[in-house]
Amino acid sequence: MAVTTAPVRPSEPGRRPDAGRRAGLDRALPWLLLLPAAITLGLVSIYPIYAGVHASLTTYLYGRPVAGAGLKNYTDTWHDPVFWQAMEVTLKFVLIAVTVETVLGLGLALLVANVVRGARWIRMSILAPMTVAPVVVGVIWRLIYESETGFVNPLFTSLGLGAPNVLSHEGSAFFGLVLVDVWEWTPLLFLICLAGLQSIPQEPLEAAAVDGAGPVRLFFNHTLPLLLPVLAVGVVLRLIDAVGTFDQIFVLTRGGPGTATQLISIYAYNTAFNFTDYGHGAAMLIALLAFALLLVLVALSLMRRAAKRVAQ
Amino acid sequence: MKRAGRYARWAAIVLVIFGSLFPFLWMLSVSLKRQVDIFGGPSLPKQPTLSNYTALFTQYHFGAYLVNSILIVGASVLASLLIGTPAAYALARFKLPGGLNSQALFAALLVRMVPPILLVVPFYIILAKFGLLNTRLGLILLYTGINTSFVIWIMQSFLAEIPTDIEDAALVDGDSRLSALRRIILPLASSGLAATAIFAVITTYNDFLIALTMTSTPAAQTVPVGISTLIGKIQVEWGPMAAGGIIGALPILIFAFIVQRHFVRGMTLGAVK
């Protein structure tokens with residue numbers, strides 16, 4: 001990643017008769033090139049955030065703004081037990097899923113890092129789940145879990161364990177969704193670890209191996225520290241993304257049974273669009289946005305540091 | 001001993017690939033089954049049929065969903081490339097005052113990083129205000145904005161990799177900046193540009209939440225939303241749903257295979273190459 005910009009060499013002045021005019025144009029050029037993008041980004045970021053904050057300070061009745069609310073939507077949210085329960089489900093979901101994905105992704109990367117034969121096909125097969133739409137991922141696992149179409153129930157029954165009906169019980173539904181997330185996103189951490197492993201210089205490793213270091217010590221003393229900056233970027237990107245998980249859950253359980261899989265995204269969506277209470281929905285999302293922005297800032301500083309490390 | 005280790009490694013790899021691909025094959029198998037066989041327990045399709053696929057188009061508006069998806073994805077990706085690439089070039093080649101380069105880049109990245117759920121309520125309110133709910137134009141505008149941030153960020157890193165020497169030589173020879181950009185930089189950046197475009201296509205085609213909240217009829221609904229309409233409150237159309245999943249997945253798998261070399265870069269927002 002190159003954040004630094006190349007040094008700019010001014011075009012030679014006085015070479016051609018229209019050089020003066022051209023130098024003026026060259027000076028204005030970067031701003032002219034940036035302008036359309038600046039307007040576009042302003043329209044999809046600054047204006048929506050303003051509109052969102054405004055909505056969070058408004059009382060809606062049947063989808064229509066009826067009065068200013070002050071901070072009422074926020075204090076309501078703060079005192080709403082369902083909101084906190086959704087927060088808890090979200091945190092549990094994100095932490096468990098991302099931890100498992102990181103460990104598995106790293107393990108997988110170590111497994112195939114030195115494989116040359118068929119590497120392209122192996123990589124493509126492993127990353128297939130993360131390329132397709134999350135809705136499709138939801139559909140795939142619905143077909144697998146559901147008693148009518150799936151193989152999970154028949155499999156467990158034939159082993160004499162009884163049909164689990166994964167999506168109908170609170171505990172199994174939650175872990176069923178974690179498994180779906182792991183299937184979908186372990187490939188991302190695998191790819192990141194693989195790219196990191198392949199950029200690590202081999203000579204120090206070989207020297208340490210000659211000195212008699214075993215593979216486990218080699219990994220913890222040499223490979224892991226070098227991999228860490230890249231791995232950290234991947235983990236934080238995944239964390240940010242996981243906080244907003246919505247599509248798969250919408251297709252699989254819509255937050256149920258009960259509220260066992262009701263992530264904050266599902267709860268806010270239902271509040272805003274099923275109950276047309278945009279005020280409370282917006283307040284929840286603004287609160288979550290603040291949390292996500294914090295994660296984003298961590299991600300950005302990690303990315304900068306990783307870039308510097310690579311540049312050295 | 002060494003050989004045993006190698007066999008164990010390959011056994012593990014085969015197992016992982018199986019776990020990764022088997023769910024896709026399961027969906028494919030359900031999509032080719034007749035209604036009676038779907039409820040007959042796990043088995044291969046006894047009499048493979050395409051009836052689920054034809055049902056999608058004759059009963060469930062998939063023709064309209066596909067047309068919407070293609071138009072919306074095409075227009076928004078094209079627009080975001082046209083808006084984002086010049087900005088990326090400016091950030092890669094000119095030193096702006098006050099360290100504006102990196103600040104502008106990170107501001108662009110922010111838009112892309114924030115999960116869409118956090119923006120749907122304001123997006124909805126804005127589109128409602130301008131009468132753009134349930135229109136293709138409304139979705140095109142939103143996706144153009146989101147994709148532009150991605151294009152700036154990724155194209156900037158592709159462009160910064162192109163050595164400045166060639167360009168400088170052209171400038172000395174009397175080319176203007178713009179004609180140097182057109183004659184020299186764009187051809188050199190074409191593979192990066194193609195990868196960026198394909199990434200934008202994949203994420204836009206796959207988006208569900210924004211399309212779900214901004215649309216309500218097949219006049220503007222996209223393929224992922226169309227798939228979700230097959231899940232009724234009481235009854236789920238398993239066969240067509242599986243077929244819809246295949247239609248949703250297939251073009252993306254092909255695209256992903258094409259950009260495989262750039263995949264890490266696109267998916268990690270350029271943090272890893």
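Q: How many residues does the contact take from chain A and from chain B?
A: In this predicted model, the contact draws on 90 residues from chain A and 92 residues from chain B.

Q: And which helix gives the most to the side of chain A that touches chain B?
A: That is helix α1 (residues 19–56) of chain A, which supplies 19 residues to the side touching chain B.

Q: What does that side look like by class, nonpolar, polar or charged?
A: The side of chain A that touches chain B has 66 nonpolar residues, together with 13 polar and 11 charged ones.

Q: OK, scores next: what are the ipTM and pTM of the model?
A: The ipTM is 0.89, and the pTM is 0.87.

Q: Where in chain B is confidence lowest, and where is it highest?
A: Chain B has an average pLDDT of 87, with 96% of its residues scoring at least 70. Within chain B, the lowest confidence falls in helix α14 (residues 263–267), at a mean of 73, whereas the highest is in helix α11 (residues 209–214), at 95.

Q: Switching to the fold, how many helices and strands does chain A have?
A: Chain A has 12 helices and 2 strands, and along the sequence these run in the order α-β-β-α-α-α-α-α-α-α-α-α-α-α.

Q: What share of chain A counts as buried?
A: Of the 312 residues in chain A, 42% are counted as buried. Turning to contacts within chain A, among those with a separation of 6 or more, 68% are between residues 24 or more positions apart.

Methods:
Residues numbered from 1 in each chain as written. Chains lettered and ligands numbered in written order. Predicted model: local features only at pLDDT ≥ 70, side-chain atom pairs only at ≥ 80, totals over all residues. Helix = DSSP H or I, 4+ residues; strand = E, 2+ residues; numbered from the N terminus. Buried ≥ 20, exposed ≤ 12 C-beta atoms within 10 Å, placed from the backbone. Contact = placed C-beta atoms within 7 Å. pLDDT = per-residue confidence, 0-100. Nonpolar A, V, L, I, M, F, W, Y, C, P; charged D, E, K, R; others polar.
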